[in-house]
Each structure stands twice: as C-alpha cells, then as structure tokens.
Amino acid sequence: MRERPNEDWDGEVPDARSLLGWPLPERRGSIPSLSWLVERLRDSRPDWGLLESFVEFDPARYVRKTLAKTRACELLLVCWGPGQGSLVHDHGGSSGVSLLVRGELRETRYAWAGDRLVPDVSVRAAEGDLLLEESDTIHRVLNTSRHGAVSLHLYAPPMEGMTPYDDQVASLKPPRPADVGAGRRRRPRAG
Ligand SMILES: [Fe+2]
C-alpha cells in the first residue's frame, strides 16, 4: 500500500529540547553539514514517553506530523502502519536524517537510467538505525512488517515540497542487496 501521508494534525507538542535533549538551531543556514545533523540525532535520546503520546496510526495512510520547525530545520514524526509506505520521492533540495525509534522499515533508493528511475539499492532498517536522506536522494520507504513503525526525521532546511516520481519508475523489481551498513548507522535502541 503506497499512500500519501495524513498530515491533518494540529495538536500541540513540547519543544524539541524536551523531545531530543537539545534545541533545534534557529537561524537559516546555521547547520554546518548533514553529518552535523546526523551526529546530533544519533546522540539524541528521544523521550519515548513524550513521543508515544503523539503516535497515531491511520489504517488508510501513513501519518506525518511536524513536531517542531525553525528557519534552520524541521523535526517530523512519521507513523507507518503495516504495509504502508511513501511514494518514490525526493526532498525538495533539503537533506536530512531519520531515526527509526520503533519497528522495521525498508528503504529502496532509485537511480536514473536515462529518463527512467530504476531500483538501485535496498536496506532494511531496524530500531535505532539511521537513514540518510541527502539532497539528491530519491527513495521510497515502506513498512513491510506486520507491526507499526515510528520514525523521527530531521531536515535542513525545512522541506518546501518534495517531488513524487512514481510515474518515472521503470521497475519495482527488488534491487540488488545493499552493502551492510550502507547509508545507515546502528545505534543503541532509542527511548
Ligand atoms: Fe524521504
């Protein structure tokens, strides 16, 4: 099941310092690099007790909530029901990193072959894994498990639109196996 996200949510959330243990930078351009963002999220200790109250599953589509947003970056919570996944998409020129705090996800990256996109590499992420979403990443994320999954995403600058590419995808055949650890880092279980 590939669905557009349910973003209808207007609840109040605590500040990022409460959720991550550090405040989001405020000024646009104040984040020096993607690796800086990766290190900060990797070293964070998300408060699962706080996050859990924002977890929400929709049987029709995955749920994406903006938890915090500054001119420099934004923090999203995504809740993936069993079988739910994103479209093939880019990140509108932003780059970021996601931390899988609960469950399992499969990420498939795509590469251009002429004017078509073909599956390039696929990785399975488990709890505590990080997935990089670089400015030129085109990928699809899918919860292939029978259980819900929850991920935290940090993007800089805040995303101003992502492009869906499903019409350009030439093949949905499984891609070649990924190198172990490619594009992700394992960390101790979060929460
Ligand atoms: Fe993405």
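Histidine 91 lies in the loop between β2 and β3, strands being DSSP runs of E of at least two residues, numbered from the N terminus. The model is predicted; local features require pLDDT of at least 70 and side-chain atom pairs pLDDT 80 or more, whereas totals for chains, interfaces and linings use all residues. Residues are numbered from 1 along each chain as its sequence is written.

Histidine 91 has 21 C-beta neighbours inside 10 Å and therefore counts as buried (20 or more other C-beta atoms within 10 Å; exposed, 12 or fewer; partly exposed, in between; C-beta atoms placed from the backbone). Its contacts (C-beta atoms within 7 Å), not counting residues up to four places away in sequence, include Glu133, Tyr155 and Met162. Histidine 89, found in the loop between β2 (74-80) and β3 (95-102), is partly exposed, with 18 other C-beta atoms within 10 Å. Beyond its neighbours within four places in sequence, histidine 89 contacts Met162, Thr163, Pro164 and Tyr165.

An unreviewed UniProt entry lists His89, His91 and His139 under "binding site"; such annotations may be inferred rather than shown by experiment. Although these residues span 51 residues of sequence, they cluster in space, with a largest C-alpha distance of 9.5 Å.

Three strands form an open, antiparallel sheet in the order β5-β4-β7, pairing requiring at least two DSSP bridges. Because β5 (116-125) and β7 (139-142) each have a single partner strand, one side of each is left without a neighbour in the sheet. Nine bridges join β4 to β5, with alanine 111 paired to valine 118 in β5. Four bridges join β4 (residues 105-113) to β7, where arginine 106 stands opposite leucine 142.

Notes. Contact = placed C-beta atoms within 7 Å.
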